[in-house]
Amino acid sequence: MSGVILPASFYARPTLQVARGLLGKYLVRETAAGLRDGRIIEVEAYVGPKDRASHASRGRTNRTEVMFGPAGLAYVYMVYGMYHCLNVVTERIDYPAAVLIRAVEHEAGLADGPGRVCRLFEIDRRLNYHDLTSGKALWLEDREEQIQRSQIGAFPRIGVDYAGPWAAKPWRFRLKEEVSTLKSARP
DNA sequence: AGATTGATCCAT
DNA sequence: TGGATCAATCTG
């Protein structure tokens, strides 16, 4: 099964729109063993310099510079010394925003959690700054699945209690159908 | 609930 | 340069 690689114009839109739009799209990774793909089930939006939950809220640093870059770049960072998280950069240059990929359905079950997604798809910091529109190594595809607004649940983001009022914003989006339907799978 | 693990950020 | 912190996960 193949689809259309998401172009830069998909990512260069308001981040909440991009986040919802990514549900039902496919993450595709070229590995030594071949292509691995999976359907995006859950995401989180990190929006702009004021969003205290966002790494970019403290301004430009070596780590956050990529979030200020052009839409369609991958922002990959290591968290807790053990796990990686994959984000896609959104909006315009110099406006820091991104969408975290939190859960992906694949042939063996559900990679539920950003660290599990990266482990399954063999994503680490070497893919930081990767151009997701290049069609190499790692990209996202549209396979023409229509997602209705009613299929999307909105919840507070995970692990951002330090962010004060920003922690309560319902900027985590998940396909409702998957919550009870799918089982967790450990690779 | 507690341990884990290392990159990152900022202040002592 | 040291140390607190962390967009998480696993085990008990």
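pLDDT is the predictor's confidence in each residue, on a scale from 0 to 100. Chain A averages a pLDDT of 94, and 95% of the residues score at least 70. One stretch calls for care: over residues 179-187 the pLDDT is below 50, and beyond near neighbours in sequence this stretch has 14 contacts in the model. Where pLDDT is low, the predicted coordinates should not be read in detail.

With that in mind, let's look at the overall fold. Chain A holds four helices and ten strands. Read from the N terminus, the elements follow the order β-α-α-β-β-β-β-β-β-α-β-β-β-α. The radius of gyration of chain A is 15 Å, close to the 16 Å that the globule rule gives for 187 residues, so the chain is as compact as a globular protein of that length. Along the principal axes, the C-alpha atoms of chain A fill a box of roughly 40 × 35 × 35 Å. Buried residues account for 39% of the 187 residues in chain A. Contacts in chain A also reach across the sequence: among those between residues at least 6 apart, 62% join residues at least 24 apart.

Now for the strands, and a handy one to follow is strand 3, which spans residues 34-47. Strand 2 (residues 26-31) runs antiparallel to strand 3, and six bridges join the two. A hairpin through two residues connects strand 2 to strand 3, and within this pairing Tyr-26 stands opposite Arg-39 of strand 3. Strand 3 is also joined to strand 6 by eight bridges, again in the antiparallel sense; here Val-43 has Ile-101 in strand 6 as its bridge partner. Strand 10 (residues 172-175) pairs with strand 3 as well, antiparallel and over three bridges, with Glu-44 opposite Arg-172 in strand 10.

A second hairpin is worth a visit. Strand 4 (residues 74-79) and strand 5 pair in the antiparallel sense over six bridges, and Met-78 has His-84 in strand 5 as its bridge partner. Three residues lie between strand 4 and strand 5, and Tyr-80 in the turn has a positive phi of about 55°.

That turn leads us to the DNA. By class, the surface near DNA strand B has three nonpolar, four polar and two charged residues.

Around DNA strand C there are 20 residues, of which Leu-100, Gly-113, Gly-115, Gly-159 and Tyr-162 come nearest. Strand 5 (83-89), strand 6 (97-106) and helix 3 (114-120) each supply at least two residues of this surface. The surface near DNA strand C divides into twelve nonpolar, six polar and two charged residues.

Finally, take a look at Ser-134, in the loop between helix 3 and strand 8 (138-142). Ser-134 counts as exposed because it has 11 C-beta neighbours inside 10 Å, where the cut-off for exposed is 12 or fewer. The C-alpha atoms of Ser-134 and Pro-7 are separated by 8.8 Å, although these residues are 127 apart along the chain.

Definitions and conventions:
Residues numbered from 1 in each chain as written. Chains lettered and ligands numbered in written order. Predicted model: local features only at pLDDT ≥ 70, side-chain atom pairs only at ≥ 80, totals over all residues. Near = placed C-beta within 6 Å. Nonpolar A, V, L, I, M, F, W, Y, C, P; charged D, E, K, R; others polar. Rg over C-alpha atoms; globule rule 2.2 N^0.38 Å. Buried ≥ 20, exposed ≤ 12 C-beta atoms within 10 Å, placed from the backbone. Contact = placed C-beta atoms within 7 Å. Pairing = 2+ DSSP bridges.
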